[in-house]
Amino acid sequence: MDIATILPFAAMIAAIGAFAGVLAGLLGVGGGIVLVPAFYYAFAGLGYDSPQLMQICLATSLATIIVTSIRSVSSHHKKGAVEWPILKSFAPGIVIGAAFGVFVASSLRSDTLIMIFGSVGVLIGLYMAFGNAAWRLGSEMPKGVMRALVAPFIGFMSVLMGIGGGSFGVPTMTLYGVPIHRAVATAAGFGAIIAVPSVIGFLFADLPADITPPFTVGAVNVAAFLVVVSMTLITAPIGAKIAHAMDPKPLKRVFGGFLILVALNMLRKALMG
């Protein structure tokens, strides 16, 4: 890549990171739900479309989540909002699910991963747009066999989507009676538990050098990771300030609709080739 290609690429990734950071602070959603499709279109536009491209997008997104998740859970902990008993009891199952997710994602082609992302993305978008905070499945978090099923599922699906724990963790906790602000705070901790083992696994992915963008280690694009993390650390507090100044619920519905459109477009691409 020459400088004429690198500069627009860096500017595009910086804009993506800034947008993801604002959304994370404003809506309490992890940036991964935005980063994965954005990375996909950015890398494909630069000519790196390949059967392994989605692995690079998932791995790079998860790498950014390590930093943003740790920063977020630290901030929430200072406010006493993190439910540490839930975090600790779900952690082992989430790690197991995440490890299995890396194994499965590494063996799937981009088209299959796009289908998974698009299908689940539509469901997440529908929940964001039309979900009701009053919905309940129970009065306390799952224990025993149910927890042994739910925790690995959260880790597994989050890796296949390249996202942190928010998109699955927050609905799970609120459906079992955890107040929304405590669910968001605790799900931030899910993100690091998911991302750390999965990124370690993806760093050892053996991808052909001719199909990977520059500065890629294993399946993690280090350049995109550094640019996005730098931008999200700047813009996430801006999103949080906006959230405190206004009601984010209407925006959450709008973003849910936007996510549905993005997910449907990815499904269209996977189906039509």
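Student: Which residues is L175 in contact with, leaving aside its neighbours within four places in sequence?

Tutor: In this predicted model, L175 touches W135, R136, L137 and G138. L175 itself sits in helix 7, which spans residues 166-175.

Student: What is the C-alpha separation of L175 and M141?

Tutor: Their C-alpha atoms are 8.8 Å apart. Along the chain, 34 residues separate the two.

Student: Is L175 buried or exposed?

Tutor: Buried means under 20% relative accessible area. L175 has 17%, so L175 counts as buried.

Student: How is a pair of aromatic rings described?

Tutor: By two values: the distance of the centres and the angle of the planes. Rings pair if their centres lie within 6.5 Å, and planes over 60 degrees apart count as edge-to-face. The count here is 10 aromatic pairs. One of them joins Y40 and Y41, at 5.9 Å centre to centre with 80° between the planes. That pair is therefore edge-to-face.

Student: How accessible are Y40 and Y41?

Tutor: Y40 is buried, at a relative accessible area of 2%. Y41 is partly exposed, at 35%.

Student: What confidence does the predictor give the chain?

Tutor: The average pLDDT is 89. At least 70 is reached by 97% of the residues.

Student: Which elements have the lowest and the highest mean pLDDT?

Tutor: Helix 1, residues 3-27, has the lowest mean, 82. Helix 4, residues 84-107, has the highest, 97.

How values were computed: Residues are numbered from 1 along each chain as its sequence is written. This is a predicted model: local features need pLDDT of at least 70, side-chain atom pairs count only at pLDDT 80 or more; totals for chains, interfaces and linings use all residues. Side-chain values use heavy atoms; hydrogens and water are left out. Rings of Phe, Tyr and Trp (its six-membered ring) pair if their centres lie within 6.5 Å; planes under 30 degrees apart count as stacked, over 60 as edge-to-face and the rest as tilted. Buried means under 20% relative accessible area, exposed over 50%, partly exposed in between (1.4 Å probe, protein chains only). Helices (H or I, at least four residues) and strands (E, at least two) are DSSP runs, numbered from the N terminus. Contact means heavy atoms within 4.5 Å. pLDDT is the predictor's confidence in each residue, from 0 to 100.
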